[in-house]
Amino acid sequence: MNKAELVNEVHRLLGDGTSMAAAERAADSVLKAIKRGLRRDAEVHLVGFGTFSVAQRTARKGFNPHTRQPMKIPAMKLVRFKAGSNLRGMR
């Protein structure tokens with residue numbers, strides 16, 4: 001599902017009384033709130049859905065796959081997601 005499909009699904013769930021623009025603002029607001037929560041608290045728990053968390057990946061040595069030249073891969077932060085029990089049982 002891409003963002004346009006997400007907005008369409010939000011619009012469908014909110015009903016015909018809601019505009020597509022309002023559905024897009026709602027989806028954007030949720031995504032923005034998750035980003036802010038990760039920056040501030042480093043974890044966002046959505047009960048029944050899952051947990052987003054920030055992890056630190058250490059610097060490491062690697063190589064360029066095209067030239068086979070060694071290179072240093074810098075340390076970075078990344079977002080991880082652990083599915084909640086409601087999502088784990090989905091098939």
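Which side chains meet in a salt bridge at 2.6 Å, N to O, with Asp28 as one partner? The side chain of Asp28 pairs with that of Lys3. A salt bridge here is a side-chain nitrogen of Lys or Arg within 4 Å of a carboxyl oxygen of Asp or Glu. Asp28 lies in helix α2 and Lys3 in helix α1 (residues 3–14), so the pair ties together parts that are 25 residues apart in sequence.

The model is predicted: local features need pLDDT of at least 70, side-chain atom pairs count only at pLDDT 80 or more, and totals for chains, interfaces and linings use all residues. Residues are numbered from 1 along each chain as its sequence is written, and side-chain values use heavy atoms, with hydrogens and water left out.

**Overall fold**

The protein has 3 helices and 5 strands. From the N terminus, the order is α-α-β-β-β-β-β-α. The radius of gyration is 19 Å, well over the 12 Å that the globule rule gives for 91 residues, so the protein is more spread out than a compact globule. That radius is taken over C-alpha atoms, and the rule is 2.2 Å times the number of residues to the power 0.38. Along the principal axes, the C-alpha atoms fill a box of roughly 60 × 30 × 30 Å.

Helices (H or I, at least four residues) and strands (E, at least two) are DSSP runs, numbered from the N terminus. Of the 91 residues, 19% are buried. Buried means under 20% relative accessible area, exposed over 50%, and partly exposed in between (1.4 Å probe, protein chains only).

**Salt bridges**

The structure holds 3 salt bridges.

| Pair | N to O distance | Relative accessibility |
|---|---|---|
| Asp28 and Lys3 | 2.6 Å | Asp28 27%, Lys3 41% |
| Glu9 and Arg12 | 2.6 Å | Glu9 28%, Arg12 55% |
| Asp41 and Arg40 | 3.5 Å | Asp41 47%, Arg40 64% |

Glu9 and Arg12 both sit in helix α1. They are 3 residues apart, about one turn of the helix. Arg12 counts as exposed, while Glu9 is partly exposed.

**Surface patches**

Patches are made of residues with over 30% relative accessible area and no salt bridge; like charges are joined within 9 Å, and nonpolar side chains (Val, Leu, Ile, Met, Phe, Trp, Tyr) within 5 Å. Lys and Arg count as positive and Asp and Glu as negative; His and the chain ends are not counted. A charge is placed at NZ of Lys, CZ of Arg, CG of Asp or CD of Glu.

Lys32, Lys35, Arg36 and Arg39 form a positive patch. One of them, Lys35, belongs to helix α2 (residues 20–41). Lys35 is exposed, at 52% relative accessible area.

A nonpolar surface patch is made of Leu46, Phe49 and Phe81. Together they have about 250 Å² of accessible area. Such areas come from the Shrake-Rupley method with a 1.4 Å probe; for residues, only the protein chains shown count as cover. Leu46 is in strand β1 (residues 43–46). Leu46 is partly exposed, at 32% relative accessibility.

**A separation across the chain**

Ala26 is in helix α2. At 30% relative accessibility, Ala26 is partly exposed. The C-alpha atoms of Ala26 and Thr51 are 20 Å apart. Along the chain, these two are 25 residues apart.
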